[in-house]
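Hello,

Here is the structure you asked about. My notes follow below it.

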Amino acid sequence: MTIPGFIKRNWRLKVGCFLIAFVTWVGVVYAGNPPETRVVELPVPQSTTNIPAAFVLVHPVQDLPIRIGGDQNTLAAFDPRLLTVSVDWAAANHTGTYSIPISIVNTDSSIELIDPPTRIQVDLDAFVSVSVPVLIVITNTPPVGYRPGAQEATPSTVAIDGPEHELVGVQARVTVDLSTQKANFQADLRVLLYDAKGNRLNNVGPEPGDVSVSIAIEADLTSRAVAVVPGSVGSASQGRYLVSLVFNPATVLLSGPQDLLNALKSVSTSAISLNGITGSYTETVTILPPAGVTASPSKVSVTIDVSLLPTPAPTPTPTPTPSPSASPTGT
């Protein structure tokens, strides 16, 4: 084939001009939409359905940083969900820390994976299930005069699934604040897990997660001696008056919650009748302590002394003053 002369004429100049134009065009295109790279975070499948049943992850595998390349517009609109991580969990066949193979599946041909990782580090332990008792921890005791009594959690134990080494010495606790509690406590509380060193465990959970806790609140009983004072006292019969009331014993021992006893300086008796009493008379009366308080003895004797009103002395009759005599007349 014969090449026309106009093509062969100054062909070096024409090729040079084409190359310059091509380079210029490429420069203009890339100046408006230059190639770039970007890092995206990809989640690693690690649910219990992925990992072999005999093992469990001691620590979750963090998201993988993957560097991708492409033009600016493509990277700006890129959806990381077009990339997926596939883990060869079948390679996890013993406990310990080691690496297993992975692959990154790219369904977007417009971007490029730059040095994608081929393995990830995993920390595996044997999967075990343990049953531990629920420990009730009282953070604040009841008010003064009260104390916690019998305690019960229902159910009394919880099941915990997780790494074998992490569950050695694990404790299941519920915390209770009784600082304002004067009556029996009853509530459903969250169970929290702690390791043997007292550190909170957040990557494992108990079953059930809540238990019913009941704590009896008992009065903190104490005793003190107080004076006996009369209750209501009747009126003596007409012409008589009350001289004295004497109790035997004069004090009794009260027992009860400290906060109640702190407010008591004396204790009264049942009503005392003076009707028909003349002279000295002794009877038994009952001590009347407030509710929640007992007295020992519960009864005391009272000696009542009633006397006749004194008869007033008669007022003496005044001596009449004689009238002055008439003067005699002279003769």
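**What I found**

Of the protein's 331 residues, 28% count as buried. Buried means under 20% relative accessible area, exposed means over 50%, and partly exposed is in between (1.4 Å probe, protein chains only). This is a predicted model: local features need pLDDT of at least 70, side-chain atom pairs count only at pLDDT 80 or more, and totals for chains, interfaces and linings use all residues. Residues are numbered from 1 along each chain as its sequence is written, and side-chain values use heavy atoms, with hydrogens and water left out.

**Overall**

The protein has four helices and 21 strands. Both are DSSP runs, numbered from the N terminus: helices are H or I with at least four residues, strands are E with at least two. The protein exposes about 20800 Å². Carbon and sulfur atoms supply 56% of that area. Accessible areas come from the Shrake-Rupley method with a 1.4 Å probe; for residues, only the protein chains shown count as cover. Take the contacts between residues at least 6 apart in sequence: 71% of them join residues at least 24 apart. Contact means heavy atoms within 4.5 Å.

**Strand pairing**

Two strands pair if DSSP finds at least two bridges between them. Strand β4 (residues 83-87) pairs with strand β5 (residues 96-106) in the antiparallel sense, over five bridges. There, V85 has I104 in β5 as its bridge partner. β5 is also joined to β7 by six bridges, again antiparallel. T97 stands opposite D123 in β7.

Strand β7 (residues 119-140) goes on to β9, with seven bridges and an antiparallel run. S129 is partnered by D161 in β9. β9 in turn pairs with strand β13 (residues 206-207), antiparallel, over two bridges. The partner of I160 in β13 is P206.

**E166**

E166 sits in the loop between β9 (157-163) and β10 (171-177). Which side chain of opposite charge is nearest to E166? R200 is, at 11 Å. E166 is buried and has no salt bridge. For charge, Lys and Arg count as positive and Asp and Glu as negative; His and the chain ends are not counted. A salt bridge is a side-chain nitrogen of Lys or Arg within 4 Å of a carboxyl oxygen of Asp or Glu.

Beyond its neighbours within four places in sequence, E166 is in contact with D125, L201, N203 and V204.

**Backbone points to check by eye**

Most residues other than glycine have a negative phi, and most peptide bonds are trans. D115 has a positive phi, near 45 degrees. D115 lies in the loop between β6 (112-114) and β7, and is exposed at 73% relative accessible area.

Two cis peptide bonds are listed here. One joins T154 and P155, with omega about -5 degrees. P155 is in the loop between β8 (146-154) and β9. Another runs from S296 to P297, with omega near 0 degrees. P297 is in the loop between β20 (294-296) and β21 (299-308).

Best wishes
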